[in-house]
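Here are my notes on this model, point by point. Please read them with the coordinates open.

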Amino acid sequence: MDRAVGIDLGTTYSLVAVMDGESPRVIADASGNKLLPSVVAVDQKGSLVIGDEAKKYRVSNARQTVSSVKRLMGKGGREIVPEAQYIAAPLDVSDEKIVKVKLGNWEWTPAEISALILRELKQRAEKDLGREVKKVVITVPAYFNDSQRQATKDAGRIAGLEVIRIINEPTAASLAYGLEKKKQGLIAVYDFGGGTLDVSILKLKDGIFEVLATCGNTHLGGDDLDWALARFLLKEIEARFGSKPDQANAIQTVVDACEQAKRRLSTENEITLDIRLSDPEIDYRRKITRQEFEARIGPIVEKTVEPCLSALKDAKLKPEEIDEVILVGGSTRVPLVRATVERVFGKKPHSELDPDEVVALGAAVQADVLTGRMKDILLLDVAPLSLGIESFGGIVSRIIRRNTTIPVQATDHFTTAVDGQTSVDIHIVQGERGLVRDCRSLGRFRLKIPPMPAGFARIEVTFIVDENGILKVRARDLRAGTEESIQVKPSYGLTDEQVEKMLEDSLRFEKQDEEVRKLVEVRNHAQFIINGAKRALVQGRELIGNEESGKIEAALKILEKACEGEDAGLIWKTLNEFGEISNHLAKILMDEALREALARKKEGVFKNPVQSGS
Ligand code: ADP
Ligand code: MG
């Protein structure tokens, strides 16, 4: 059988693992290295080198070296400004849709660079297993959006692999642990790697892993710890020697020295740094204690607390309800990080499995679930951001809520706002805010419909998020009997800042947004009733007489006045009162008259109007 392997395609390190009997193991290269630095470079002869070999060039030839390419996956040219400082090689940001990296004589997409890393791991696995490796499970941070996941899949394809599943890294990690322990309960996974932070809350029961919530920051990791120390040392070098190392090579030397120092300070209390730079010639020596290091990185480590609290809040749990905390990622070796996690969750975190390997091991388990014997393990994941469509008045009709378990399919119904409309615009948005203008536009498409009176069409919109977290949208016109399926291709990705801001804002504006939404909804509904009633009055005045007409007109004025105000409750109340007063007239006239009489101003769709106040 064609058994799949698992790959952890990391920002800083990548690994490949395979199921070996009952448990997974990470595959090492010929010299015993398990971690492949996610670095690609061009050597003096102009050939491509990958991994440790490439890492050497990061110092001698920084401009021909690409590291942290994961930060660029699925990103457009406009989105990479904060990322640029991590990528030594020059970037081409002229294309709004996709950023490119200049390496050798070529411009590469991030997926192509990642494919080089994947191919290296593929070959490593093939050598070890003595067979061809085609199928693979690749992990991504839980925060990855559609285009980032898509780019990861593309990378696999370019490397000649069949990506049978993309899974979230924290899910993989908990799978690795679940396999060993088979425990039940609530688990928090704290993954602090080289470039990303992922905090996930999982529920483990009867062999089923369910992700209750995920939160994090794709712009926070061990790199930032290195840079925090490097910035401090660069200033000190400048003060001591009167000149500032500003060449890319020199800066990379300092950053690399800082990474080494950081690793040593995870186990030692004091170390000596020795940095030699050639141009200008500088020999910089200095003792540094763990305490000094912690003072530099303290604010960064503290930044990891908020995502922990948000994840707990989303899962509606208190820290003391968490049974187990799992540490993932090389940066969790830093004692201050461990202490911080322990402080937040109030218990000692698990670290029995190697934090660098956990994700790859879990990916191998997942690969085995999909192509091997372990069919009895079910995996559930969640959609990281809410998805919906724009409806009348610029409000968002949410179709899939944030943190909904995936794969998921959800359907809602909409209708037209204008008589004789021959098409409807389905505008897909992503985000937590109530108004379209505060969300991110994922794309739009047009569904053709036969002309009908407003409010007549019944348009069924279905959102399907597949097991890889990728979205498809389908719209159907039920009344006309036509059926049309449309696939939405994700445009370029969200910046990390956008994702973070969206989540932050959603908490801050939750109440306010909900109020605006309710107000727009009731106003839409009231307008629908008012327009209908006005037409009904023209048609029905003679049938009901002047006295009743006068009463209805007076009630209409009160309703219109209420609509000008901001009080949704008052509008509903007035609407109900108006309903009673106009009930008799409504009965006399055909429903049709009411239905046809919608606002003629704007084309669009809106949720089928509710029948009574709520
Ligand atoms: P990613 O998944 O983002 O590729 P990893 O989980 O492999 O990242 O973690 C890489 C990070 O862990 C790097 O920033 C590296 O410097 C850091 N790291 C590795 N070992 C140690 C250590 N002993 N002490 C502190 N940091 C470490
Ligand atoms: Mg990782």
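1. A residue counts as buried when its relative accessible area is under 20%. Please keep in mind that the model is predicted. Gln252 has a relative accessibility of 13%, so Gln252 is buried.

2. Where does Gln252 sit? Gln252 belongs to helix α6, which covers residues 248–265. Beyond its neighbours within four places in sequence, Gln252 touches Arg58 and Val59. Arg58 lies 194 residues away from Gln252 along the chain, yet their C-alpha atoms are 6.9 Å apart.

3. Next, the ligand site. Two elements each supply two or more residues to the shell around ligand 1: α5 (222–241) and α6. The top contributor is α6, with 3 residues. There are 18 residues around ligand 1, and those that come nearest are Thr12, Gly194, Glu259, Lys262 and Ser266.

4. A polar side-chain atom of Thr12 is 2.8 Å from a ligand 1 oxygen. At Tyr13, a polar backbone atom lies 3.0 Å from an oxygen of ligand 1. The side chain of Arg263 places an N or O atom 3.3 Å from a nitrogen of ligand 1. The protein buries 93% of the 580 Å² that ligand 1 exposes when taken alone.

5. Finally, the whole chain. The protein chain has 614 residues, 57% of them buried. Its secondary structure comprises 13 helices and 30 strands. Among contacts with a separation of 6 or more, 68% join residues 24 or more positions apart. The accessible surface is about 27,100 Å², with 49% from carbon and sulfur atoms.

Conventions. Residues numbered from 1 in each chain as written. Chains lettered and ligands numbered in written order. Predicted model: local features only at pLDDT ≥ 70, side-chain atom pairs only at ≥ 80, totals over all residues. Heavy atoms only, no water. Helix = DSSP H or I, 4+ residues; strand = E, 2+ residues; numbered from the N terminus. Buried < 20%, exposed > 50% of the residue type's maximum accessible area, 1.4 Å probe, protein only. Contact = heavy atoms within 4.5 Å. Areas by Shrake-Rupley, 256 points an atom, 1.4 Å probe, with all protein chains shown as cover. Near = heavy atom within 4 Å. Polar contact = N/O pair within 3.5 Å; in protein donor to acceptor, adjacent residues only side chain to side chain.
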